[in-house]
Amino acid sequence: MELSRQQIRTIMYYEFRNKLNVTKWHQKICESLGINTVSYETVKVWFQKLKEGNFDIEDEPRSGRPIEVDCEKLKQIIDQDRNVSTQIALELDVCQKTIVNTLKCINVMFKFNHWVPHKLTAEDKLKRKAACLALLRDQRKDKILDRIVTCHEKWVYHNNTSHKGGWSAPGKSAGSDARQALTNKTVLLCIWWDCRRIIYKEYLKS
């Protein structure tokens with residue numbers, strides 16, 4: 001369980017009452033609560049405050065921008081326009097870092113937009129929908145997509161070494177073939193297929 005700053009300061013006040021020096025004070029807190037609970041510099045600052053008689057564990061009011069943001073209001077702004085961040089800081093009168101930290105707390109993260117070929121108008125979308133429906137209708141009627149043959153070419157590494165085998169009596173081991181690494185020699189693979197199977201393939205030498 002992660003302790004709040006006020007809880008950590010209460011523990012520091014308790015250790016201060018035990019009249020320990022700063023080094024032992026910090027060491028004892030880290031041994032009890034974890035090495036990353038509080039830094040040595042923070043312990044040193046609070047040790048000095050307590051030594052001066054200031055036992056208030058709350059943060060002192062500071063001038064400047066507020067450090068907290070209304071999460072509900074922030075969600076409403078993001079829902080209206082997800083591409084703003086600096087404008088939010090100006091609108092809510094807080095710093096940019098506060099906005100980013102608050103967005104992380106409410107599980108909102110920055111994501112880049114997905115690239116699309118081009119922006120479609122409403123008319124373009126209707127045309128694409130009509131074309132898709134026509135293809136589906138023709139497929140159900142005449143199976144036109146089943147008659148489409150596709151071809152592709154690709155340079156591939158080619159190794160014609162075969163894996164040999166043979167008959168042997170029980171208890172006797174089979175022969176062995178040395179595994180060969182891929183060669184740097186490539187061939188051009190040309191392959192044709194339809195919706196059911198590969199129709200034809202051919203290797204062309206470079």
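A disulfide is taken here as a pair of cysteine sulfur atoms within 2.5 Å. The views below show a predicted model, in which local features need pLDDT of at least 70, side-chain atom pairs count only at pLDDT 80 or more, and totals for chains, interfaces and linings use all residues. Residues are numbered from 1 along each chain as its sequence is written, and side-chain values use heavy atoms, with hydrogens and water left out.

**View 1. Cysteine 190 and its closest cysteine sulfur.** The sulfur of cysteine 190 lies 6.1 Å from that of cysteine 151, the closest cysteine sulfur, which is too far for a bond. The search of the whole structure accordingly lists zero disulfides. Cysteine 190 is buried at a relative accessible area of 5%, where buried means under 20% relative accessible area, exposed over 50%, and partly exposed in between (1.4 Å probe, protein chains only). Of the 206 residues of the chain, 18% count as buried.

View 2. The chain has seven helices and three strands, in the order α-α-α-α-α-α-α-β-β-β from the N terminus; helices (H or I, at least four residues) and strands (E, at least two) are DSSP runs, numbered from the N terminus. In helix H7, glutamate 123 and lysine 127 are four residues apart, about one turn of the helix, and their side chains meet in a salt bridge at 3.7 Å, N to O. A salt bridge is a side-chain nitrogen of Lys or Arg within 4 Å of a carboxyl oxygen of Asp or Glu, and by this rule the count comes to three. Glutamate 123 is exposed at 51%, and lysine 127 is exposed at 52%.

**View 3. Aspartate 146 and its two side-chain partners.** The side chains of arginine 196 and aspartate 146 form a salt bridge of 3.6 Å, N to O. This pair links distant parts of the chain, 50 residues apart, with arginine 196 in the loop between strand S2 (186–193) and strand S3 (198–205) and aspartate 146 in the loop between H7 and S1. Arginine 196 is exposed, with a relative accessible area of 60%. Aspartate 146 also makes a side-chain polar contact of 3.3 Å with glutamine 139, a polar contact being a pair of N or O atoms within 3.5 Å in which, within protein, one must be able to donate a hydrogen and the other to accept it, and residues adjacent in sequence count only if both atoms are side-chain atoms. Glutamine 139 belongs to helix H7 and is buried at 16%.

View 4. Lysine 143 sits in the loop between H7 and strand S1 (150–157), and its phi is near 55 degrees, a positive value in a residue other than glycine. Most residues other than glycine have a negative phi. The relative accessible area of lysine 143 is 44%, so this residue is partly exposed.

**View 5. The aromatic pair of tryptophan 192 and tyrosine 200.** One aromatic pair is found in the whole structure. Its members, tryptophan 192 and tyrosine 200, are tilted, with 5.6 Å centre to centre and 40 degrees between the planes. Rings of Phe, Tyr and Trp (its six-membered ring) pair if their centres lie within 6.5 Å, and planes under 30 degrees apart count as stacked, over 60 as edge-to-face and the rest as tilted. Tryptophan 192 is partly exposed at 28% relative accessibility, as is tyrosine 200 at 42%.
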